[in-house]
Amino acid sequence: GEPDAMEHLAGELREVAAVTVLGPVPVGTAADALVRAAAPDALATALGPALHAARPIGKLRVEVDPPRV
């Protein structure tokens, strides 16, 4: 995602005890972060409000692995 948006997203997610955030790290003109959670529900619950807060700042892309989650 765009670096400013990714920084904001990571900051929002770090406030959630159920997830761990690694990054963001620069990748070309963008930034990437790895977000981990013990359960899919915890990840979804954390991502919803964090993405809502960060998207107005810039573009973000989320990939979930495994895709069936």
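Buried means under 20% relative accessible area, exposed over 50% and partly exposed in between, with a 1.4 Å probe and protein chains only. This is a predicted model, in which local features need pLDDT of at least 70, side-chain atom pairs count only at pLDDT 80 or more, and totals for chains, interfaces and linings use all residues. Residues are numbered from 1 along each chain as its sequence is written, and side-chain values use heavy atoms, with hydrogens and water left out.

**Exercise 1.** Determine which residues of helix 1 are buried and what covers them.

*Solution.* Helices (H or I, at least four residues) and strands (E, at least two) are DSSP runs, numbered from the N terminus. In helix 1 the buried residues are A5, M6, L9, A10 and L13. They lie on the same side of helix 1, because they cover an arc of only 135° around the axis, the arc being that of the directions from the helix axis to the C-beta atoms. Their cover includes strand 1 (19-27), strand 2 (30-37) and helix 2.

**Exercise 2.** Locate A46 and find its contacts beyond the neighbours within four places in sequence.

*Solution.* A46 belongs to helix 2 (residues 40-54) and is buried, with a relative accessible area of 6%. Contact means heavy atoms within 4.5 Å; with those neighbours left aside, A46 is in contact with L13, V16 and V19.

**Exercise 3.** Identify the salt bridge that a search of the whole structure finds.

*Solution.* A salt bridge is a side-chain nitrogen of Lys or Arg within 4 Å of a carboxyl oxygen of Asp or Glu. The search finds one, and the side chains of R61 and E63 form a salt bridge at 1.9 Å, N to O. Both R61 and E63 are exposed.
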